[in-house]
Amino acid sequence: MTEREIEAYVDAAALAQGLVVAADVRARVIAQFTLIQAIAAPVLAVPLPTDVEPANVFRP
Amino acid sequence: MTEVAAPASAAAIAAAIREGRTTARAVADATLAAIARVDPALNSFVTLTPERTRAEADAVDARRAAGAMLPPLAGVPYAVKNLFDVEGVVTLAGSKVNASLPPAAADATLVSRMHAAGGVLVGTLAMDEYAYGFTTENSHHGPTRNPHDTTRTAGGSSGGCGAAVAARLVPLALGSDTNGSIRVPSSLCGIWGLKPTFGRLPRTGSYPFVASLDHLGPFATTLDDLALAYDALQGPDAADPACAQRAVEPVGTLRHEDLDGIRIARLGGYFDEPLTNAARAAVDAACTALHTTRTVTLPSAALGRAAAFVVTGSEGGALHLADLRTRYADFEPLSRDRLVAGALMPAAWYVQAQRVRERWRHEVAALFRDVDVVIAAATPCPATPLGDEWLDLPTGRVPLRPTMGLLTQPLSCVGLPVIAAPVATPGALPIAVQVVAAPWREDLCFRVAAALAARGVAASPLPPIHA
């Protein structure tokens, strides 16, 4: 994601989550999202076969 | 009546009470007095529970007077990170937001188990807000200070546990570890810490952070005390859906066996590259003492850590989303923007991270077919100055607060049992090594840690206030 794409995404996702992000907070949230995005990128790039299920714990 | 000379271990206190050399009440009063004297310089306690402390101590003394057999921790003072429910106390979890909650109606399961084992609760301990941090620089409560150098962090998020135990204010504490929050303060404060296998100890009655990754565990100044506490805490609890329904597997009798047949290796690659000289020296000392010459690598360790980071941000952000919408200003300034950003992550990122975590689990399981225990540093460096924003490592400059758990996070991501074993060099700040085994093999962690202690490498150093 480019810087502008991240900014646009953060604005849209905050709206979708009902979060009103004040102007002075927005830059800091964008900086944090940029960090998360950078850390997540290699995870998102891992090709996985369909039989690898999420590692959730759920016992009905 | 003779008092136990401070600082004493939990085992020594319990023995002195059992043998009538002191009383639980005398120990409790001395503990409360020491906290009043020393803690203003550390800021490790949030709430003291003196009425309960004295009542539990008096009950122990009454049982002894009646000739009853005393349980293993009878009269031993302990404290808990303030995310454990304590009946009658508000479970703040380091936050301002939770201050409006009613007091807990009952004790957390592990607090009940400590009570059953004879433990005497002294109070609750400081932490990063909602356990999201590695430095316990809590803006509401003020920073918790490291007893070895009060200008430095005690680590986090269980920093109050680290500081209070290292300062010998209590011999035992209970904390939580989602990404390293037991092992990081153990390392920076120079004490023993155990993060058991994910699902070993029930989390019932503790304030959650990341349900997929939250673990609870004990801190102590000796390995014997760590084992005593761990054995008292074990057992299934159906009320925690992640808690494995396994019987108690005590380690109390296993600690002095030799290491014959245990295959031990050093973790290289990802776990070696960011180490400062102090951290590498600690790992060297541990491996030399264990006659370990083999180094193994886990190629996906960085991915495992990144997956834990994504899962943490997403689950943590979602947990607090409702309050972030309405009470943003009441959240910790050091972590609230990270929480908001986490809540904005697309669902597909979270699911992918949980799938990568599953694959990482397979890679780790394959390694443990070939070795039994691996050794790595717990933190890349010793305690850093309070207020520092950046960490300069051989691998580059990184933001300090989210990354002090670089070496712990990949391991908790897949729930491995780990003992943080403190390695002290005279005149230097302490640092710990992680003794890591396959899931459910805490016994191996204890055996190898016992060898490190017996061979003079691992011990909890006394901070200057006791020197």
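Me: What area is buried between chain B and chain A?

Reply: This is a predicted model, in which local features need pLDDT of at least 70, side-chain atom pairs count only at pLDDT 80 or more, and totals for chains, interfaces and linings use all residues. Residues are numbered from 1 along each chain as its sequence is written, chains are lettered from A in the order in which they are written, and side-chain values use heavy atoms, with hydrogens and water left out. Buried area is the accessible area (1.4 Å probe) that two parts lose on being put together, summed over both. Carbon and sulfur atoms give 72% of the area between chain B and chain A, which is about 3000 Å².

Me: Which residues of chain B lose the most area to chain A?

Reply: The contact (heavy atoms within 4.5 Å) takes 33 residues from chain A and 35 residues from chain B. Together 25% of what the chain B side buries comes from Leu344(B), Trp349(B) and Arg355(B).

Me: Which residue of chain A forms a salt bridge with Asp337(B)?

Reply: A salt bridge is a side-chain nitrogen of Lys or Arg within 4 Å of a carboxyl oxygen of Asp or Glu, and the rule finds 1 across the interface of chain B and chain A. With the closest N and O atoms 2.7 Å apart, the partner of Asp337(B) is Arg28(A).

Me: How many residues of helix H11 of chain B are buried?

Reply: Helices are DSSP runs (H or I, at least four residues), numbered from the N terminus, and buried means under 20% relative accessible area (1.4 Å probe, protein chains only). What covers the buried residues of H11(B) includes helix H2 (23–44) of chain A and, from chain B, helix H9 (301–319), helix H10 (321–327) and helix H13 (400–403). Helix H11 (residues 336–343) is largely enclosed by the rest of the structure, because the buried count is 8 of the 8 residues.

Me: Over which ring does the charged end of Arg338(B) sit?

Reply: Arg338(B) is one of the buried residues of H11(B). A charge sits over a ring if NZ of Lys or CZ of Arg is within 6 Å of the ring centre and within 35 degrees of the ring normal. At 4.3 Å from the centre, the ring is that of Tyr132(B).

Me: Which residues touch the most other members of the largest nonpolar core?

Reply: A nonpolar core is a set of buried Ala, Val, Leu, Ile, Met, Phe, Trp, Tyr and Cys residues joined through side-chain atoms within 4.5 Å. Leaving aside neighbours within four places in sequence, Leu452(B) is in contact with residues including Ala286(B), Leu290(B) and Val433(B). Of the 151 residues in the core, those that touch the most other members are Ile375(B), Ile419(B) and Leu452(B).

Notes
Buried means under 20% relative accessible area, exposed over 50%, partly exposed in between (1.4 Å probe, protein chains only). Helices (H or I, at least four residues) and strands (E, at least two) are DSSP runs, numbered from the N terminus.
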